[in-house]
Amino acid sequence: MRKITIGLLGFGTVGSGTAAILENNRYDISTRSNTEIVIKKALVRDIRKQRPGAEHITLTNDPNEILEDPEIDIVVELIGGIEPARSYILQALNNGKNVVTANKDLLAESGEELLEAARVNGRDLYFEASVAGGIPIIAALRQSLTANKITSLVGIINGTTNYILSAMTEQGRDFADVLKEAQELGYAEADPVSDVEGLDAGRKLAILASLAFNTRVTFHDVYAEGISNISSADIRYADELGCVIKLLAIGKHQESGVEVRVHPAILPKRHPLANINGVYNAIYVTGDAIGETMFYGKGAGAYPTGSSVVADIIQITRNMNAGSEGILNCSCYNHYPIIARDNFTTGYYIRLKVKDEPKVFATLALFFAEAGISFNSIIQKPRQDKSAEIVLVTHPCREGQLQQALHSVNAYDKLDKVYNVLRFETNAI
Ligand code: NAP
Ligand code: HSE
């Protein structure tokens, strides 16, 4: 049986999960891949730190002990961030090594450069764990769904924020308290602002949209908004409307180009994505041949993410055994424009406080009518201080129209405050 040697860059949450899966499932993995897979070394920052599961692995803080080691066949990058991860991956590929990475930050920014380096060197660059933890969505888009023209994908692709929104909705818990728990469980990024502000989901959406629509989408093309402005009042109003609030990542291929956006969205409870809770992720993909298909599973954590990393390692060992490395390359043969935010089309939820006086609601309605927007539903609650809290839900309109109406609303002297504006996705699939 051929022996294939691995070097891990990083031995944190995902690195330790990867090593544990390789150890726990050693017999099945070696039989399935007809290969003995051995971790030779792992790069860390602090080699003195206690690391359960690393007892039989040599640790180093010198990257060249892995990147320049001719015995190492596959480099597995689990450090995260842009640098030094980018330089290490390029060095590994240029040294003839195959690479597995879970690094969405890097792929969403420099995916083209890395895939080109893999192509030039005739090596594999696999990245299943970069999106949705344990869900095999990258393999689906790169292989299983390639017969289709994909028209849209809509997903919950950040485990941390879904965990937070689920606990706020189901248990009425406090945002900061649940975030701390998600960090302790290993779901959150090193800097959890990436999760909370929608950046992590935006990076994953860039990767998914590039693969689904075969056009280069980088993180800078994605409109990203997070969940830090979601209050328990918004969650209660959503419930009153028969809905829940989810952080959605939406990618659509339309005649005018590609629309890519991440933001909290109000979703009817009957919608399948409304029932994806906790750390679970799900991605709905619509293709012309397959119709609608949904991928579901744990989107973060050591073992689910390690499952994707190890599957990539096994696939590469198979490719090495068959001499077929470097076959799956960059597939961005289209050059679609990115649709501007003004042209996003969806319904909106606007929660505001105004003076409770005659003509005030009529005036608000006029601002929306002047922008060509009609209402889907309205909730009004009188308050003690002669003001009224109003929730307006619109029918779908362009974001440019909504901004025009909000401009008038914000200038209105009977307005106390606009609390929140959220997208209301009745047609998310
Ligand atoms: P982590 O727990 O913070 O682990 C990072 C590891 O990399 C640590 O062992 C750290 O060393 C090492 N490291 C960091 N910077 C380094 C440097 N400059 N030189 C040498 N070693 C360095 O991170 P993680 O959660 O495992 O995430 C790893 C990657 O997987 C990231 O790209 C992340 O976005 C991605 N990912 C994570 C999850 C998840 O559920 N956590 C899911 C999907 C994808 P020390 O231990 O000495 O600090
Ligand atoms: N921080 C990420 C999340 C990890 O919560 O989804 C998985 O990519």
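Visitor: What does K49 do at ligand 1, in terms of polar side-chain atoms and oxygen?
Guide: A polar side-chain atom of K49 lies 3.2 Å from an oxygen atom of ligand 1; a polar contact here is a pair of N or O atoms within 3.5 Å. This is a predicted model, where local features need pLDDT of at least 70, side-chain atom pairs count only at pLDDT 80 or more, and totals for chains, interfaces and linings use all residues. Side-chain values use heavy atoms, without hydrogens and water, residues are numbered from 1 along each chain as its sequence is written, and chains are lettered from A and ligands numbered from 1 in the order in which they are written.

Visitor: And how far is R51 from a ligand 1 oxygen?
Guide: For a polar side-chain atom of R51, the distance is 2.7 Å. The side chain of E189 has an N or O atom 2.8 Å from an oxygen atom of ligand 1.

Visitor: How much of ligand 1 does the protein cover?
Guide: The cover is 86% of the 900 Å² of accessible area that ligand 1 has on its own (Shrake-Rupley method, 1.4 Å probe).

Visitor: OK, new topic. Is strand β13 mostly covered or uncovered?
Guide: Mostly covered: nine of the 11 residues in β13 (residues 345-355) are buried, meaning under 20% relative accessible area with a 1.4 Å probe, protein chains only. Strands are DSSP runs of E, at least two residues, numbered from the N terminus.

Visitor: How does β13 pair with β17?
Guide: In the antiparallel sense, over eight bridges; strands pair if DSSP finds at least two bridges between them. Y349 has L422 in β17 as its bridge partner.

Key: A polar contact is a pair of N or O atoms within 3.5 Å; within protein, one must be able to donate a hydrogen and the other to accept it, and residues adjacent in sequence count only if both atoms are side-chain atoms. Buried means under 20% relative accessible area, exposed over 50%, partly exposed in between (1.4 Å probe, protein chains only). Helices (H or I, at least four residues) and strands (E, at least two) are DSSP runs, numbered from the N terminus.
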